[in-house]
Structure formats: structure tokens, C-alpha cells
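Here is a guided walk through one protein chain. Keep the sequence and the model side by side as you read.

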Amino acid sequence: MDDAIVKTERLQKKRIWLATIPALVMCALIWLIFLIDFSQVLRFNFSLLGIYPRQWIGLSGVVFSPFVHGSFSHLISNTVPQLILITLLFYFYNQIAFKSLVYLWLLSGFFTWIIGRNSYHVGASGLIFALVFF
């Protein structure tokens, strides 16, 4: 095989791995928080960290809600697309990926805070839809 082809293949494998790291870290944090919440080790209701629309106290959920999930099926439903979409974001848009992720995260959460129904909103679904839209 030609040296240039081998170098290109190595570079592509490295790019894929580097794009996967942020997605794996994010999903690992989400799973860790879910396990802590599920086990009740801290005896804290993590759902209170969700977005509560149009209330100042609920605004903190814009940052924290993607880490909190209501059930195991909810967690699974968010994990797979999040792994794929964050990896694709960092692979194809590596120069603007982190900044884009932060903006999409905050904008989707703030939009939920503005239009959501009067209850706590948890999960990464808003972020996932924002990533799909991007």
C-alpha cells in the first residue's frame, strides 16, 4: 500500500476517535448522574435541576437539564442519538464544534424555558433536536 494512503487512513481514524471523545464524556456524565439519582445516594431529587418555564429558579435547568433523566428508557432514548450527533458535530465541524454545542445547548434550553408547560423539563431531547437541526 502507498504511504500516502496509509497516512490518510491513520489521520481519518484519529479524527474519528477525537470526534468521539466529547460524545463519550458527555454520555458518561449523564449515565453517572442518572446512576447517582437512581441509587438515591445523595437523597436529592435531581428532577429539580430541570427547566421550569418562566420561573427564575427554573432558568438554572437550561444548563443542568440535559444531565437529568426521568427513567432508564428516557436515558437510552437520549444516549444513542447524542453519541452519534455529537460525534458527527466534532468530526465535520471540529473548528466550531465546541462553540456550536454550547450555543445549541443554551438556546434549546432557553427556548424550552420560554415556551414549555408549567412542569420540570429534564433530559437532553432539546439538545438532540437542536443538533439534528444544525
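Start at Asn78, which lies in helix H3. Helices here are DSSP runs of H or I with at least four residues, strands are runs of E with at least two, and both are numbered from the N terminus. Asn78 is buried, with a relative accessible area of 4%. Buried means under 20% relative accessible area, exposed means over 50%, and partly exposed lies in between, using a 1.4 Å probe and protein chains only. Leaving out residues up to four places away in sequence, Asn78 touches His69, Gly123, Ala124, Ser125 and Ile128. Contact here means heavy atoms within 4.5 Å.

A word on the source. This is a predicted model, in which local features need pLDDT of at least 70 and side-chain atom pairs count only at pLDDT 80 or more, while totals for chains, interfaces and linings use all residues. Residues are numbered from 1 along each chain as its sequence is written, and side-chain values use heavy atoms, with hydrogens and water left out.

Now step back to the whole chain. It has five helices and zero strands. Read along the sequence, the pattern is α-α-α-α-α. The C-alpha atoms fill a box of roughly 60 × 30 × 20 Å, taken along the principal axes. The chain has 134 residues, and buried ones make up 34% of them. Take the contacts with a separation of 6 or more: residues 24 or more positions apart account for 77% of these.

Next, look inside. In soluble globular proteins, nonpolar side chains tend to be buried together.

Which residues does Ile86 contact, leaving aside its neighbours within four places in sequence? They are Ala19, Pro22, Ala23, Met26, Leu101 and Leu131. Leu101 sits in helix H4. Leu101 is buried, with a relative accessible area of 8%. Not counting residues up to four places away in sequence, Leu101 touches Ile86, Leu89, Phe90, Leu127 and Leu131. Compare that with Ala28: Leu101 and Ala28 are 73 residues apart in sequence and 17 Å apart in space, C-alpha to C-alpha.

Follow H4 along its length. H4 has 19 residues and reaches 27 Å from its first C-alpha to its last, close to the 27 Å expected at 1.5 Å a residue. The expected span of a helix is 1.5 Å times one less than its number of residues. Ala97, Ser100, Leu101, Leu104, Trp105, Ser108, Gly109 and Trp113 are buried in H4. An α-helix has 3.6 residues a turn, so residues three or four places apart point the same way. The cover over the buried residues of H4 includes H1, helix H2 (61-64), H3 and H5.

How do H3 and H4 meet? Two packed helices are described by the angle between their axes and the distance between the axes. H3 and H4 pack at an angle of about 140 degrees, with their axes 9 Å apart. That makes H3 oblique to H4. Axes are lines fitted to C-alpha atoms, for helices over the stretch in contact, and angles run from 0 to 180 degrees between N-to-C directions. Angles under 35 degrees count as roughly parallel, over 145 as roughly antiparallel, 65 to 115 as roughly perpendicular and the rest as oblique. Ile86, Leu89 and Phe90 in H3 meet Ala97, Phe98, Ser100 and Leu101 in H4.

Turn now to the arginines. Arg15 is in helix H1 and is partly exposed, with a relative accessible area of 29%. Arg15 touches Tyr91 and Phe92, not counting residues up to four places away in sequence. A polar atom of the Arg15 side chain lies 2.5 Å from the backbone oxygen of Tyr91.

Arg43 is in the loop between H1 and H2. Arg43 has a positive phi of about 50 degrees although it is not a glycine. Arg43 counts as exposed, at 75% relative accessibility.

Notes
A polar contact is a pair of N or O atoms within 3.5 Å; within protein, one must be able to donate a hydrogen and the other to accept it, and residues adjacent in sequence count only if both atoms are side-chain atoms.
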